[in-house]
Amino acid sequence: MASSSRDPRITDISDEAVRGTCDDASLCKRYAVNVGYWQDPYIEHFVRLPKERKAPEISRGYYARVQGVGHLLKAFLHKTQCNCQIINLGAGMDTLFWKLKDENLLPRKYFEVDFPSIVTRKIHTIKSKPPLSKPIMESHSGESLLIDAHSLDSSRYSIIGADLRDLPKLEENLKKCDMDPCLPTLLMAECVLIYMTHEHSTCLLKWVADMFRTAMFINYEQVNMADRFGQIMIENLQSRQCSLVGVEDCRSLDTQKARFLLNGWETANAADMVQVYRSLPPDDIKRSCRDFSLMRLLQWSSRLI
């Protein structure tokens, strides 16, 4: 939970702004899928297609993000032969469970954790959309499947409404849904830790290192936040009352690795998105460059008109 020294009204405002970033990311992914960067037949059930055109730089960034995280995730699944569990922290409207099921790559159990208000929205959508609810039922084995306003728990998929700053409650909720500390565990966090104070994110990373016998943590997050681009990002988010309170750990790749190595992790590796983007298939890079050139041509033409 937030420390007692902070004004709870400020914390509530900031938390609401952080929850708003879930919609921002979902809209960008929906647009990129619609223009063909990758296939995702499930995201349309969670978010409408945005009316405005997104810049190619945004779509290319999200494509590289999805491919980079997906490459590491599938390597873990193949290494463990899917005899593992995945815990997606701050999952938002992520559709990974359904995509993994389609590829016959479901782990023994897949967990998602997010703010209760986001979880409530997601569960409501799942219950009202057969293309989402049917795969959960198909993968379920057991006598009962729990679905209420703030949680969903089947034998293969759980959605939990929780605050990552309240670790005792988080642990309690995960164990209620049959989290197994002895099972190889992959944890994912995409632009999550930066919204937590250094103290809270440190406690989370230590908790994970102590809790699981074998674990891997995929952390997609900002770096180089001290440069001009980083300062503009900070200022823009602050104007929305969304504070990047964990920014000090995002100064560089080295500080990102250090936060793990200082908190119980044996190894840590990091790469920036330029490296990830250059590792994508050449045809995908060519396609995204054509998209970028077309967008710039349209913008230039509109100025002439």
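Which residues does T255 touch, not counting residues up to four places away in sequence? The legends below lead to the answer, and the model they describe is a predicted one.

**View 1. Seven strands make up an open sheet.** Welcome to the sheet, where the strands follow the order β3-β4-β5-β2-β1-β6-β7 and the pairing is mixed. The edge positions belong to β3 (146-148) and β7 (215-220); each has a single partner strand, so one side of each is left without a neighbour in the sheet. From one strand to the next, the twist averages 15°.

**View 2. Strands β6 and β7 run parallel.** Look here at β6, which spans residues 185-190 and is joined to β7 by six bridges.

**View 3. Helix α4 lies across several strands.** This helix covers residues 116-128, and the strands it lies across are β2 (109-114), β3, β4 (151-153) and β5 (157-161). Relative to β5, helix α4 runs at about 140°.

**View 4. T255 sits in helix α9.** T255 has a relative accessible area of 14%, and because buried means under 20%, T255 counts as buried. Its side chain reaches two backbone atoms: the nitrogen of R251 at 3.2 Å and the oxygen of S252 at 2.8 Å. And here is the reply to the opening question: leaving aside residues up to four places away in sequence, T255 touches E248, D249 and C250.

Notes: Residues are numbered from 1 along each chain as its sequence is written. This is a predicted model: local features need pLDDT of at least 70, side-chain atom pairs count only at pLDDT 80 or more; totals for chains, interfaces and linings use all residues. Side-chain values use heavy atoms; hydrogens and water are left out. Two strands pair if DSSP finds at least two bridges between them. Helices (H or I, at least four residues) and strands (E, at least two) are DSSP runs, numbered from the N terminus. Axes are lines fitted to C-alpha atoms, for helices over the stretch in contact, and angles run from 0 to 180 degrees between N-to-C directions. Contact means heavy atoms within 4.5 Å. Buried means under 20% relative accessible area, exposed over 50%, partly exposed in between (1.4 Å probe, protein chains only). A polar contact is a pair of N or O atoms within 3.5 Å; within protein, one must be able to donate a hydrogen and the other to accept it, and residues adjacent in sequence count only if both atoms are side-chain atoms.
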